[in-house]
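Biologist: Could you take me closely through one group of aromatic rings in this model, and say how each ring is placed and how far it is shielded from solvent?

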2 protein chains.
Amino acid sequence: MTITSVSHTDLVASAAADVRAAIRTKSFTGHTAGLAAGKLQCNIAILPENVALDFLRFCQRNPKPCPIVAVGDSGDPYLPTLGQDIDIRTDVPKYRVFRNGALTDEVTDIRDTWTDDMVTVALGCSFTFENALLREGIPVRHIETGKNVPMFRTNIDLVPAGKFGGNMVVTMRPIPATQVARATEISRLFPHAHGAPIAVGDPAQIGIADLSRPDWGDAVEIRAGEIPVYWACGVTPQNVLLDAGLAICITHSPGHMLIADVAEDAETTILKTN
Amino acid sequence: MTITSVSHTDLVASAAADVRAAIRTKSFTGHTAGLAAGKLQCNIAILPENVALDFLRFCQRNPKPCPIVAVGDSGDPYLPTLGQDIDIRTDVPKYRVFRNGALTDEVTDIRDTWTDDMVTVALGCSFTFENALLREGIPVRHIETGKNVPMFRTNIDLVPAGKFGGNMVVTMRPIPATQVARATEISRLFPHAHGAPIAVGDPAQIGIADLSRPDWGDAVEIRAGEIPVYWACGVTPQNVLLDAGLAICITHSPGHMLIADVAEDAETTILKTN
């Protein structure tokens with residue numbers, strides 16, 4: 001069998017189902033930023049059923065970093081509320097497998113790892129509100145400059161549940177002072193994608209020492225007249241899962257998201273079937 | 001010990017904590033409509049831990065009738081994300097206890113019924129968006145006329161999870177044709193309180209035979225120039241719980257809600273503690 005490899009550029013104009021098909025066949029294993037424009041993209045956490053109730057409680061109590069957009073049945077790899085024929089074992093371009101709190105594998109397929117007690121939780125992603133900011137003419141520096149968004153640990157306590165807890169991770173985007181209010185208004189309309197900012201201005205207020213040294217991602221320039229704005233970040237649940245030291249859990253690789261058939265500006269994340 | 005009884009009128013100007021105190025001491029056991037203005041009120045479902053994961057999945061898949069606003073720890077009757085010192089065993093004015101799918105008790109205190117495996121789920125309530133409609137000058141007929149909102153079974157399938165499934169229940173409010181778009185816009189801003197309408201106009205489209213004969217609540221007049229507008233209803237999860245025939249579950253009595261300390265227009269339903 002020959003696998004024909006396709007590039008990110010080849011897929012930019014493709015429909016969500018076609019991008020997923022390329023991902024499923026491993027013709028494409030790259031990052032999904034900018035693909036299937038207008039469709040919801042999701043962070044993924046797959047974990048054993050015996051901790052799923054606590055993890056859902058944790059996400060409910062921390063809805064800005066952990067906005068739940070879908071939950072699968074135990075042992076069932078399909079996510080029908082997010083799209084037609086989505087198989088979570090094959091439809092993410094790259095996965096990370098963690099055992100006892102350590103990264104043990106980065107793979108493009110988890111059919112061999114999937115077990116009958118696994119539960120998939122899909123969480124909203126910042127691509128959604130970034131697209132909305134761009135549509136309204138608000139610049140997003142890391143996209144302009146082809147970098148990864150800068151991410152920082154904060155001193156903001158999460159509300160714990162069971163084994164799950166810790167501090168919030170945020171992203172930072174420099175926004176022109178005159179557009180901060182509008183950026184807040186726009187992102188608030190997307191509760192499934194981290195909602196309005198967590199903080200604006202002085203990084204010290206949320207325990208960030210140095211904006212030029214992000215904990216993950218790339219530093220970006222803050223220009224004259226711009227204010228740093230901080231949003232809750234989907235790296236938060238990944239950290240929390242690691243710290244919980246579960247026997248096994250699986251996440252997407254950063255930037256390598258699940259693409260849903262649901263529109264990113266839909267009122268709910270549930271695909272309408274009647 | 002003397003219990004001093006207070007009336008609904010006595011409590012209209014009281015703070016949420018004071019209303020809850022009157023409820024906890026059973027000085028007040030009435031309905032909560034119009035009390036603690038501006039605070040979130042919640043539908044309550046209490047059920048055994050072994051079905052809680054499926055019930056949370058069910059609510060996530062049906063967010064318009066079942067918007068989750070809080071989930072307690074197993075066996076823990078306190079709901080700190082909704083307010084200071086909320087004890088779910090005493091702080092609801094009236095409860096319904098169901099065993100094997102049948103109503104067996106209506107009580108004002110469940111301390112004797114509460115067990116260590118019980119999980120509390122709090123769901124958003126239509127009071128929130130009704131208050132928002134009234135603030136913006138959109139009339140709400142059943143409030144104007146001192147009736148209970150009319151509720152109807154529909155033919156809209158719910159997305160099932162485990163034992164939980166069935167059809168959606170909706171409320172109907174006649175809205176002047178010129179204000180339907182605005183009512184939709186306003187209610188869409190409250191995803192934790194059923195969000196935008198499910199349908200507008202012809203009742204037959206969602207399987208309602210006769211608007212003058214609601215399945216619950218009171219019929220209301222639809223005047224010339226008004227259009228019936230249907231919102232997802234919090235009776236939906238109560239029906240679904242009944243149909244599941246659980247060994248035990250407990251709900252609030254209709255209209256007798258839990259009053260939270262969270263503002264009803266807050267971005268999330270999580271009480272800020274830092």
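Modeller: What follows is a close look at one cluster of rings in chain A. This is a predicted model, in which local features need pLDDT of at least 70 and side-chain atom pairs count only at pLDDT 80 or more, whereas totals for chains, interfaces and linings use all residues. Residues are numbered from 1 along each chain as its sequence is written, chains are lettered from A in the order in which they are written, and side-chain values use heavy atoms, with hydrogens and water left out.

A search of the whole structure finds eight aromatic pairs over all chains, where rings of Phe, Tyr and Trp (its six-membered ring) pair if their centres lie within 6.5 Å, and planes under 30 degrees apart count as stacked, over 60 as edge-to-face and the rest as tilted. One of these pairs is formed by F55(A) and F58(A), which are stacked at 6.4 Å centre to centre with 25° between the planes. Because the two residues are three apart in helix 3 (residues 49-61) of chain A, about one helical turn separates them; helices here are DSSP runs of H or I of at least four residues, and strands are runs of E of at least two, numbered from the N terminus.

F55(A) counts as buried because its relative accessibility is 0%, and F58(A), also at 0%, counts as buried, the term meaning under 20% relative accessible area, with exposed over 50% and partly exposed in between (1.4 Å probe, protein chains only). F58(A) also pairs with F164(A), in a tilted arrangement at 6.4 Å centre to centre and 50° between the planes. F164(A) lies in the loop between strand 6 (151-157) and strand 7 (167-176) of chain A, so this pair ties helix 3 to a part 106 residues away in sequence.
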